[in-house]
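Let's work through a few exercises together, one step at a time. Keep the picture open while you read.

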Amino acid sequence: MKCVTCKGPAVIDIRRHNANFCVDHFFELCRRQVMKAIDDHSMIAKGEKVLVAVSGGKDSLAVWDLLLDLGYEADGLYIGLGIGEYSDTSGDHARAFATERGLTLLEVDVPGRFGYDIPSGSRAARRAPCSACGLSKRHLFDEAAIQGGYDVLVTGHNLDDEAAVLFGNTLHWQTDFLGRQHPVLPARDGFPRKVKPLVRLTERETAAYCVLRGIDYLVDECPMAAGNKHISYKLALNDIEKMSPGAKHSFYFGFLDRAAALFEPEAEADREELHPCASCGAPTTAETCAFCRLVDRAGGEVPHDDQPSAVPVVLGTTRAGAKQ
Amino acid sequence: MGVKVLLRNPRRELEIPGPITVVNLLAKLDLNREAVIVIQGDTLVAGDASLSDDDSIEIRPVISGGAE
């Protein structure tokens with residue numbers, strides 16, 4: 001198997017491109033796909049202050065690495081969710097990545113700051129763990145980006161993530177969600193701009209990128225996510241991709257090109273007026289935002305000490321003594 | 001004797017008789033090529049590579065993510 005570009009020995013075959021790549025030309029492909037996503041969707045302008053949400057997994061570390069390689073100045077944000085050993089290990093991977101490269105990493109310790117964790121908090125609040133986790137992360141990402149003065153928040157969502165979300169929204173014809181599914185969410189009413197530069201790369205490609213770049217990411221899956229629908233949609237789409245290479249790309253980018261705009265008026269009409277949450281001040285349509293309600297039901301408390309939840313990690317120290 | 005194969009999530013080890021290509025090994029284990037990468041040392045192994053009995057590889061799943 002030879003590299004399509006240089007005819008040297010290939011290390012990966014990508015059937016949707018009908019091509020094989022050596023290490024260097026695979027890196028070039030990844031950089032090109034990320035640059036195209038950023039340019040096509042006006043995600044990040046040169047010189048903007050970028051915050052990358054990092055979990056310690058392959059996608060978030062890959063996107064952080066790729067953005068730095070492309071010349072963007074980007075800090076990281078890690079949210080410690082209190083999912084036992086899984087959170088301990090994921091935090092270690094994020095901190096090690098930042099330490100080795102001399103980067104700035106902010107961290108929110110959810111149990112320490114808000115008094116709940118995802119396993120027990122989701123049970124107490126009677127929410128699915130992935131739902132409580134997603135709600136917590138979205139709120140804390142927004143808050144950290146706004147408080148830190150960042151122009152844009154980057155997440156590591158890849159083509160498989162977006163195709164699986166689209167698949168689920170289409171199966172259930174959730175037209176309001178379909179109207180909001182876009183690789184860029186513009187800044188509005190106290191929310192930062194949110195972008196997904198990996199939408200042109202599959203998760204097989206982000207995993208391969210990490211291995212070949214020597215990025216030590218957390219391989220283990222979150223114990224709370226086992227058996228969820230999102231993963232079952234990914235498995236189904238991979239079965240289709242196996243028979244029809246390029247199907248995931250066509251499904252997602254065909255939607256963006258030909259269908260997404262049809263659903264935008266409904267999503268826009270559903271947008272209610274936002275005002276500050278009575279508890280934390282974040283923008284919300286209710287009196288109290290969904291995050292503050294979750295914290296309350298989970299048995300925690302939103303502190304009112306005017307301190308930012310995301311604080312810089314002093315890298316090179318042990319985990320227990322990392323935060324000052 | 002065979003190709004030593006490390007699988008993840010859950011972690012387990014198998015031995016598969018070689019020589020065998022990566023593509024055929026994945027088919028034998030009923031694994032979708034779109035959902036895994038095959039690692040040997042610090043690099044990847046392409047689909048048509050032939051593995052022999054003294055080779056050790058890791059087959060790593062790539063699917064991740066919770067539903068928000």
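Two strands pair if DSSP finds at least two bridges between them. Keep in mind that this is a predicted model.

**Exercise 1. Find the strand partners of E4 in chain B, and say in which sense they pair.**

Solution. 
- Step 1: Go to E4 of chain B, residues 36-40, and to E7 of chain B, residues 56-61; they pair in the antiparallel sense, with four bridges.
- Step 2: Look for a pair of facing residues: Ile37(B) is opposite Arg60(B) of E7(B).
- Step 3: Now turn to E5 of chain B, residues 43-44, which pairs with E4(B) over two bridges, also antiparallel. Here Gln40(B) stands opposite Thr43(B).
- Step 4: Follow the chain from E4(B) to E5(B): the two strands make a hairpin with two residues between them, and Gly41(B) has a positive phi near 65°.

**Exercise 2. Describe the hairpin of E1(B) and E2(B), then decide: does E2(B) lie largely in the open or buried?**

Solution. 
- Step 1: Strand E1 of chain B covers residues 3-7 and pairs with E2(B) in the antiparallel sense over five bridges.
- Step 2: Leu7(B) has Arg12(B) of E2(B) as its bridge partner.
- Step 3: Four residues lie between the two strands of this hairpin, and in the turn Asn9(B) has a positive phi of about 50°.
- Step 4: A residue counts as buried if 20 or more other C-beta atoms lie within 10 Å of its own. E2(B), residues 12-16, has five residues and zero of them are buried, so the strand lies largely in the open.

**Exercise 3. Which element of chain A gives the most to the side that touches chain B?**

Solution. 
- Step 1: Start with the whole contact, which takes 35 residues from chain A and 22 residues from chain B.
- Step 2: List the elements of chain A that supply at least two residues each: strand E1 (12-14) and helices H6 (129-147), H9 (203-213) and H10 (229-243).
- Step 3: H10(A) gives the most, with nine residues.
- Step 4: Sort this side of chain A by class: 16 residues are nonpolar, eight polar and eleven charged.

Methods
Residues are numbered from 1 along each chain as its sequence is written. Chains are lettered from A and ligands numbered from 1 in the order in which they are written. This is a predicted model: local features need pLDDT of at least 70, side-chain atom pairs count only at pLDDT 80 or more; totals for chains, interfaces and linings use all residues. A residue is buried if 20 or more other C-beta atoms lie within 10 Å of its own, exposed if 12 or fewer, and partly exposed in between; C-beta atoms are placed from the backbone. Two residues are in contact if their C-beta atoms, placed from the backbone, lie within 7 Å. Ala, Val, Leu, Ile, Met, Phe, Trp, Tyr, Cys and Pro count as nonpolar, Asp, Glu, Lys and Arg as charged, and the others, Gly among them, as polar.
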